[in-house]
Amino acid sequence: MPPPTTWQSLLDMPPLWRHDALLDADEANRLLGCLERDLDWQQPSLTLFGREHPIPRRQVWMGDREARYRYSGRDFVPEPWHPQVARLAERIAHALRDFSEAPRFNSVLLNRYASGAERMGWHSDDEPELGQEPLIAAVSLGSERPLRFRWRDRRAPAFNVNLTHGSLLVMGPGVQRQLQHALLPRTSHGIRISLTFRHIVIDT
Ligand SMILES: O=C(O)CCC(=O)C(=O)O
Ligand SMILES: [Fe+2]
């Protein structure tokens, strides 16, 4: 496990870690503006009980060409790496050098929440293409919002993790299997962008 100087351990087992200053405020501001401007933010619909619902946020999938993912029963090829996002992936890999299980991230889901009303419901990132025990690294930009976690077996109370501008949250092996997370709606919040870096296992 990494030295605890810049890292804060939120859970020991499974490992949940936060780094509050991956980017300084200027870097985080610049990246937020650049992603806002450059990316083609999408709002796909999901089918739930036979009805189509547009997702309550915008998103972009980005990554290596081979890192395809399935979504609503269809195969998607990710957008090519934006140079600033590719640089950020390298920076995270560097910050994670002391985690023995740190993967090489070949894809990232970017989420854009225009206001506190936009959100993401309870889920785990446990799609088969992420492998058995994924490590997911999430960078937050913009308005500070809590990510709420709950244990699937309700062994302990749910808790919030505050995601500040420029911070990095690491969800280590076991987090997706044992917990769910959600970005719940909040009043009076400004724009927020998150980038969740993942490793998609490529079938050969
Ligand atoms: O926006 C967030 O911090 C949560 C994103 C998330 O859970 C995901 O991309 O799977
Ligand atoms: Fe997630």
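## Overall build

Helices (H or I, at least four residues) and strands (E, at least two) are taken here as DSSP runs, numbered from the N terminus. On that basis the protein chain has 3 helices and 15 strands. Its radius of gyration, taken over C-alpha atoms, is 16 Å, close to the 17 Å from the globule rule (2.2 Å times the number of residues to the power 0.38), so the chain is as compact as a globular protein of 204 residues. Along the principal axes, the C-alpha atoms fill a box of roughly 45 × 45 × 40 Å.

Keep in mind that this is a predicted model: local features need pLDDT of at least 70, side-chain atom pairs count only at pLDDT 80 or more, and totals for chains, interfaces and linings use all residues. Residues are numbered from 1 along each chain as its sequence is written, while chains are lettered from A and ligands numbered from 1 in the order in which they are written.

Call two residues in contact if their C-beta atoms, placed from the backbone, lie within 7 Å. Of the contacts with a separation of 6 or more, 73% link residues 24 or more positions apart. As for burial, 31% of the 204 residues count as buried, meaning that 20 or more other C-beta atoms lie within 10 Å of the residue's own.

Leaving out residues up to four places away in sequence, Val170 touches Trp17, Leu96, Leu135 and Ala137.

## Strand S15 and its partners

S15 is mostly covered, with 6 of its 7 residues buried. Strands count as paired if DSSP finds at least two bridges between them. S15 runs antiparallel to S8, joined by 7 bridges, and also pairs with S10 in the antiparallel sense over 6 bridges. Thr196 in S15 stands opposite Leu109 and also opposite Ala138.

## Around ligand 1

Which residues surround ligand 1? With a C-beta cut-off of within 6 Å, they are Leu109, Asn111, Met120, Asp125, Ala138, Leu147, Leu163, His181, Leu183, Ser194 and Thr196. Strands S8 (107-113), S14 (179-183) and S15 (192-198) each supply at least two residues of this shell.

By class, the shell has 6 nonpolar, 4 polar and 1 charged residues. Here Ala, Val, Leu, Ile, Met, Phe, Trp, Tyr, Cys and Pro count as nonpolar, Asp, Glu, Lys and Arg as charged, and the others, Gly among them, as polar.

Definitions and conventions: A residue is buried if 20 or more other C-beta atoms lie within 10 Å of its own, exposed if 12 or fewer, and partly exposed in between; C-beta atoms are placed from the backbone.
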